[in-house]
Amino acid sequence: MTDEQFTPAASEWVYPDPDAAGSARIRDYEATYARAMEDIEAFWAERAATLDWYEPWGQVLDRSDAPFFRWFSGGKTNIVLNALDRHIDTPRRNKLALIWEGEPGDRQTFSFWELWQETNRYANLLKGLGVGKGDRVTIYMGRTPELMIAMLACVKLGAVHSVVYGGFSEQALADRIDDAQSRVLITSDGAWLRGKVVRLKDIADEAVSKSPVVETVVVARRTGHEVHMEPGRDYWLHDLLAQPHVKTVCETEVMDAEDPLFILYTSGTTGKPKGVLHTHGGYQVYTSTTLSWVFDVRDEDVWWCAADPGWITGHSYIVYAPLILGATSFMYEGAPTYPYPDRWWKLVADYGITILYTAPTAIRGLMRFGEAWPARHDLSSLRLLGSVGEPINPEAWRWYHRHIGGGRCPVMDTWWQTETGGFMIAPVPSVGLKPGSATRPFPGIDVDVVDEEGRTCAANEDGYLVVKQPWPGMLRTVYGDPDRYVDQYWNAYRDQGWYLAGDSARRDEDGYIWVIGRIDDVIKVSGYRLGTAEVESGLVSHAAVAEAAVIGLPDELRGSTIHASCILVDGVAGDASLEQELRNHVRREVGPIAVPSQIVFVEALPKTRSGKIMRRVLKARVQGLPEGDLSTLED
Ligand code: WTA
């Protein structure tokens, strides 16, 4: 088993706060779980019935073409029907759906009514550009309301969005545009981060020059600096919105439950990013149920999921689930430490945030500055906290619990993946917690820790995390590559029909699950998911590099950092200036999140006789640890 980040220690219980537990939607986890597992189809049908459908489904779960499972077959819906349309005829229309603050301190709010109108206008604009059902639209923007509105507008028309995180650069963006074959790209002039402008439009221009498929670029104004606008291709969003045909009413496209909703690219074992595909029906049921039960979101809450909308956490829990539940969300554009390390805590106090959901890396990053920063602010509005993205070390958990949550807010550690659509292993506010464990599976979710043969591991024994029953929020395929879908997730336990998550884990004597880390060549850097192959191909695209091998090394702050070993082409000398040049190159090609912390120049790499790089050996070597079994190493 690889990538062990820390060893979960036998840890003390943290019992639920009576206030949080007493009002929780799920007060008896055991009974709810047992009831759901008795008949998962009945359970999910009951959850689906809480949402609106144009036409009811015929079959809850169709297993006939497994592992291409179909949920709510025959049902007609559109996630926008539930996220926006259904609130418009209720008093909720006047409630705030979104409160937003930009990094420079500017603010915007949208009621459900306003968000619905803006979405309709945007959808009409896209329709005018020829976007319709089934078309893919790539969105590359910072954390602004226009990003959310663009996503909803696509979906309203039945188009499929592919949001690319603003921290990716030109080649990564170009690859994703090509894979999705998007004719329309939506971007902005830039985004604010740490007081500086991230020049998104310039990067988009570079990407588009590599992706001739893009015909139209819609540009939102955010930072106001000069950008190049290509005549006949690039249009300002505000100009398009001012056209007379852009009305505030737009019909929502009636979609089949299994019609594609979005593609989100994520890293896997091989170089090419995988386009994880989610669909309307199951995803809306799954994300809304999980958010409602795990975070107990209520009408009076101000929910802050501090992720980026460009990752699955943002898709599910900034955009779709909170809107479906009619919750008020808060979104912040910039860096947590700008201009001072208390920016987040000031935001919590200013907006009366009641639930904060973030990543361990952010907590560790803010913890570094000490508790005097949060102590300056009144954080008493908070009632629940959450964590996602990587294992949270018990020390960070306790700091978060004590200094942010005042010792009274339970920390909901949620394990899930881009592929799962929503939380899979997570507590509800009424269960006992163990710092560092994501606790127990969500009702309806059948997870296990097994060995290579599929035998359930003994308590506290390391094994592979698998899911034994389909669930509505599961990915449906890898866009354009169904074989890869089968291969990656279903082949390891083909006979049993189980989903392989790609993580190692152990289950303790109380049935609590401790996720250890990835078993494949995926590295989690500050919670961001990167494939070693993506960084390697960025490195070898530089003329000086003949071959590169990338590994993740444990890091206290960021979870992992990237270590790169490069073999240079003949005659090139590896020195500090080349090292810097390679860093810049990776930043430009792949993105700032992929920049290696260490680059070393080597003569050879440990490989198997068939030529595969032995990362395990490389990692041990770099860390000065025993290299283990070397029998397959080439001479
Ligand atoms: C890791 C993020 C431990 C895990 C939603 C998983 C976690 C990968 C946790 C998916 C957690 C996520 N505890 N590990 N609470 N949450 N992970 O697709 O390795 O960006 O497989 O989705 O993150 O990353 P992804």
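A disulfide is a pair of cysteine sulfur atoms within 2.5 Å. By this rule the predicted model contains zero disulfides.

**View 1. Cysteine 154 and cysteine 250 without a disulfide.** Cysteine 154 takes part in no disulfide. Its nearest cysteine sulfur belongs to cysteine 250, 12 Å away. Seen from cysteine 250, the closest cysteine sulfur is that of cysteine 154, and the 12 Å between them is too far for a bond. The cut-off for a disulfide is 2.5 Å. Cysteine 154 is buried, because its relative accessibility is 0%. Cysteine 250 is buried as well, at 7%.

**View 2. Threonine 418 and its contacts.** Threonine 418 belongs to the loop that runs between strand 20 (411-414) and strand 21 (447-450). Its relative accessible area is 9%, so threonine 418 counts as buried. Leaving aside residues up to four places away in sequence, threonine 418 touches Leu264, Thr266, Val276, His278, Ile312 and Arg529.

**View 3. A salt bridge in helix 8.** The model holds 45 salt bridges. One of them joins the side chains of aspartate 205 and lysine 201, at 2.6 Å from N to O. Both residues lie in helix 8 (residues 200-210). They are four residues apart, so about one helical turn separates them. Aspartate 205 and lysine 201 are both buried.

View 4. Aspartate 350 and lysine 346 form a salt bridge, with 2.8 Å between the closest N and O atoms. Helix 12 (residues 343-351) carries both residues, four residues apart, or about one turn of the helix. Aspartate 350 is partly exposed, because its relative accessibility is 38%. Lysine 346 is also partly exposed, at 38%. A network of salt bridges links Glu101, Arg107, Arg343, Lys346 and Asp350.

**View 5. The salt bridge of glutamate 300 and arginine 298.** The closest N and O atoms of glutamate 300 and arginine 298 are 3.9 Å apart in this salt bridge. The cut-off is 4 Å, so the pair is counted. Glutamate 300 is exposed, at 56% relative accessibility. Arginine 298 is partly exposed, with a relative accessible area of 25%.

View 6. The model has 42 aromatic pairs. Among them, tyrosine 165 and phenylalanine 168 form an edge-to-face pair. The ring centres lie 6.2 Å apart, and the planes make an angle of 85 degrees. Planes over 60 degrees apart count as edge-to-face, so the angle sets the class here. Tyrosine 165 is buried at 12% relative accessibility. Phenylalanine 168 is buried at 4%. The charged end of arginine 176 sits over the ring of phenylalanine 168, 4.4 Å from the ring centre.

**View 7. Arginine 221 over tryptophan 236.** Arginine 221 lies over the face of tryptophan 236. The distance to the ring centre is 4.5 Å.

**View 8. An aromatic cluster.** Seven side chains are shown here as one aromatic cluster: Phe68, Phe69, Trp471, Tyr485, Tyr489, Trp490 and Tyr499.

Definitions and conventions: Residues numbered from 1 in each chain as written. Predicted model: local features only at pLDDT ≥ 70, side-chain atom pairs only at ≥ 80, totals over all residues. Heavy atoms only, no water. Helix = DSSP H or I, 4+ residues; strand = E, 2+ residues; numbered from the N terminus. Buried < 20%, exposed > 50% of the residue type's maximum accessible area, 1.4 Å probe, protein only. Contact = heavy atoms within 4.5 Å. Phe/Tyr/Trp six-rings, centres within 6.5 Å; stacked < 30°, edge-to-face > 60°. Lys NZ or Arg CZ within 6 Å of the ring centre and 35° of its normal.
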